[in-house]
Amino acid sequence: MRTNFDPMMPFEDLCREIARLGAYGVDLAGPNDWPTLKKYGLVPTMGGAGPIGFEDGVIRKELHDKLEKPFHDWIDQCAAGGCKNIISVGGKKKGMSHEQGLENATAFFNRVKGHAEDKGITICIEVMNSKYEDQRLGRIDQMCDHVWWAADLCKRVNSPSMKFLFDIYHVQVMDGNIVASIRENIQSIGHFHTGGVPGRNELDQTQELNYRFIAQEIAQLGFKGYVAHEYRPKPGKDPIKDFAEAMDIMDV
């Protein structure tokens, strides 16, 4: 992701460097950047959420009619652009129970899953931690804040186009038990994000997770999707060197 590098780094330079280091593509690059990705043999590995926002997400039934058409349009645009995955979010609870959120989210995704299936698109709802108010570290009050919730949603929607995004950093903050959770839910996981804990920094010796072991487990389970890096380099670090190290750690 762009977050792995200097925010002032031109996107074309970023693409050139990550292609040289063996990456497949970039998460959350907008459609305007897709031609540059293609130029360097890369793909858009995860599209944005389209009309779905962090505030309301997909759990407000009163917004479903308004969201459905633009979400269909976003599916079409991603399919045409070779972007096979779309991220999605639950939205803030604002007092809503997890169960009510599940019912409402299921109702929305049941509206759009058929179109996603027809277009070969996988929708990946992200598990986020709801502990940190700082948006660089968490998303306070998010409904989809535990693995069980995301897995239950996928089971209810019951579509090959409905998976969840297992953000390893977020899950460690909320649930821990990373490898066991991956083993139990691999059939419902469509995508992974990385990040060091604590701090969401590099995958080096200053954080608590053994990413090499996690990568080995993901590979042994036969996962065929993408693992995207979402860490943020500490000040004074060399982002290119850190990215090369992260790629090496995850290459099993």
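Okay, so let's start with helix H3, residues 64–80, and helix H4: in this predicted model, their axes come within 10 Å and cross at roughly 30 degrees. Angles under 35 degrees count as roughly parallel, so that's what we call H3 and H4. The crossing is right-handed.

Who's touching whom? On the H3 side you've got His64, Asp65, Leu67, Glu68, Phe71, His72, Ile75, Asp76 and Ala79, and they meet a set of H4 residues including Phe108, Arg111, Val112 and His115. Sort that contact by class and you get eight nonpolar, four polar and five charged residues.

Now stay on H4, residues 98–119, and look at helix H5, residues 147–157. Here the axes come within 9 Å and cross at roughly 40 degrees, so H4 and H5 are oblique to each other. H4 passes H5 in a right-handed crossing. From H5, Trp148, Trp149, Asp152, Leu153, Arg156 and Val157 take part, and among their H4 partners are Leu102, Ala105, Thr106 and Phe109. The class count for this contact is seven nonpolar, four polar and five charged residues.

Last stop, helix H1, residues 11–20. Which of its residues are buried? Phe11, Leu14, Cys15 and Ile18 are. Looking down the axis of H1, those buried residues fall within an arc of 100 degrees, so they line one face of the helix. Remember, an α-helix has 3.6 residues a turn, so residues three or four places apart point the same way.

And what does that buried set of H1 pack against? Strand E1 (25–27), helix H2 (34–39) and helix H9 (239–250). After H1 comes Gly22, with a positive phi near 100 degrees.

Technical notes:
Residues are numbered from 1 along each chain as its sequence is written. This is a predicted model: local features need pLDDT of at least 70, side-chain atom pairs count only at pLDDT 80 or more; totals for chains, interfaces and linings use all residues. Side-chain values use heavy atoms; hydrogens and water are left out. Buried means under 20% relative accessible area, exposed over 50%, partly exposed in between (1.4 Å probe, protein chains only). Helices (H or I, at least four residues) and strands (E, at least two) are DSSP runs, numbered from the N terminus. The arc is that of the directions from the helix axis to the C-beta atoms. Contact means heavy atoms within 4.5 Å. Axes are lines fitted to C-alpha atoms, for helices over the stretch in contact, and angles run from 0 to 180 degrees between N-to-C directions. Angles under 35 degrees count as roughly parallel, over 145 as roughly antiparallel, 65 to 115 as roughly perpendicular and the rest as oblique. A crossing is left-handed if the near helix is turned anticlockwise from the far one by less than a right angle, and right-handed if clockwise. Ala, Val, Leu, Ile, Met, Phe, Trp, Tyr, Cys and Pro count as nonpolar, Asp, Glu, Lys and Arg as charged, and the others, Gly among them, as polar.
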